[in-house]
Amino acid sequence: MISAHATHPGLVRKNNEDFIRTDDNLGIYLLADGIGGHNAGEVASALAVETVYSILRSNIERTEIDGYFELMVHAMQTAHWEINTKALTNSSFSKMGTTLVVAVLREKMAYIAHAGDSRCYLFQNEPQPCTATSFMPQRVLKSDGNKLRLLTNDHTVGYQRLASGVPIEQIPKKNFHTLTQSVGCGNPPRPDFNVVEFKQGDLLLICSDGLTDMLTEVEIEAILAGRDTSLDTLAGNLIDAANLNGGRDNISVVLVTTP
């Protein structure tokens, strides 16, 4: 695999509470967006990513494909309890937690597990049938033969109400930023799991909500369509565009493709 990543504190916040880890050799990619007062979000996101990465790195090559989800859940829930334990050591860490997206790319397939509202997208030059659930807005976008597919469902009160049939105009915007699950805060996460084919030329985008709050999916797709540039440049272009639109939060992106 070939990947690039970029992160930026944005234009409003002083600290960057996002954390990224990538491993092209093992095909492991993680992105976390920390929550909590003071610097607690930074602590939670780093601890979650490093804990999960350590478990995956030690076990992924000896795990059968049908055991990936169980391994990912074990790793994420271990990270949850590690954060809980860390929170007991310092009052400033109280109620800290983090979103987390975990992607493992193997055998021309992408295995995605997540908790929270950080997202994972699949960008394809050739349109494919979409099997994603229908309640998410802007799920499938097409322009000039490109397509951006959202592979994750936000774990927020807003999307939970949307899924239950409440019209989006009746849901307060703040509900879309109220997490229903995370790693480290509240009950142990119950990660969603998705498996998609990952073909030559496909592009995986993992991002924090600092990107998706500032850019529409149409705008993200338009940037990703500029595939004549390097992954590093694409990642930088996404960060720059989010900052140009306000940069109200930390912005992090991971891009992955095949050689």
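Two strands pair if DSSP finds at least two bridges between them. Helices (H or I, at least four residues) and strands (E, at least two) are DSSP runs, numbered from the N terminus. The model is predicted: local features need pLDDT of at least 70, side-chain atom pairs count only at pLDDT 80 or more, and totals for chains, interfaces and linings use all residues. Residues are numbered from 1 along each chain as its sequence is written, and side-chain values use heavy atoms, with hydrogens and water left out.

**View 1. Strand β5 pairs with β9 and with β4.**
β5 and β9 are antiparallel and share 6 bridges. Within this pairing, Ala110 lies opposite Val196 of β9. β4 (97-106) and β5 (109-115) also run antiparallel, joined by 7 bridges. Here Ala103 faces Ile112 of β5. Of the 7 residues in β5, 6 are buried, and the strand is mostly covered. Buried means under 20% relative accessible area, exposed means over 50%, and partly exposed lies in between (1.4 Å probe, protein chains only).

**View 2**
The hairpin of β4 and β5 has 2 residues between its strands. Glu107 takes a positive phi near 50 degrees there. Lys108 sits in the loop between β4 and β5. Its phi is near 60 degrees, a positive value in a residue other than glycine. Lys108 counts as exposed because its relative accessibility is 65%. Lys95 belongs to the loop between α2 (68-87) and β4 (97-106). The phi of Lys95 is near 65 degrees, again positive and again in a residue other than glycine. With a relative accessible area of 68%, Lys95 is exposed.

**View 3. Ring pairs link Tyr68, Phe69, Tyr111 and Phe193 into a cluster.**
The structure holds 4 aromatic pairs. Rings of Phe, Tyr and Trp (its six-membered ring) pair if their centres lie within 6.5 Å; planes under 30 degrees apart count as stacked, over 60 as edge-to-face and the rest as tilted. The ring centres of Tyr68 and Tyr111 are 4.9 Å apart and the planes are at 80 degrees, so this pair is edge-to-face. It links distant parts of the chain: Tyr68 is in helix α2, Tyr111 is in strand β5, and 43 residues separate them. Tyr68 is buried, at 4% relative accessible area. Tyr111 is buried too, at 5%. Phe69 and Phe193 form a tilted pair, 4.5 Å centre to centre with 40 degrees between the planes. This pair also links distant parts of the chain, from Phe69 in helix α2 to Phe193 in strand β9, 124 residues apart.

**View 4. Phe69, Phe193 and Val195 form a nonpolar surface patch.**
Together the three residues have about 210 Å² of accessible area. Areas come from the Shrake-Rupley method with a 1.4 Å probe; for residues, only the protein chains shown count as cover. Patches are made of residues with over 30% relative accessible area and no salt bridge; like charges are joined within 9 Å, nonpolar side chains (Val, Leu, Ile, Met, Phe, Trp, Tyr) within 5 Å. A salt bridge is a side-chain nitrogen of Lys or Arg within 4 Å of a carboxyl oxygen of Asp or Glu. Val195 lies in strand β9 (residues 192-197). At 36% relative accessibility, Val195 is partly exposed. Phe69 is partly exposed at 30%, and Phe193 is partly exposed at 30%.

**View 5. Strand β10 is largely enclosed by the rest of the structure.**
β10 pairs with strand β6 (residues 119-124) in the antiparallel sense over 5 bridges. Tyr121 stands opposite Leu205. Another 5 bridges join β10 to strand β11 (residues 251-257), also antiparallel. Val256 of β11 is the bridge partner of Leu204.

**View 6. Arg227 sits in the loop between α5 and α6.**
The loop runs between α5 (217-224) and α6 (231-244). Arg227 is partly exposed, with a relative accessible area of 25%. Contact means heavy atoms within 4.5 Å. Leaving aside neighbours within four places in sequence, Arg227 contacts Phe123, Asn125, Gly201, Asp202, Leu203, Leu234 and Thr257. The C-alpha atoms of Arg227 and Ile112 are separated by 23 Å, with the residues 115 apart along the chain.
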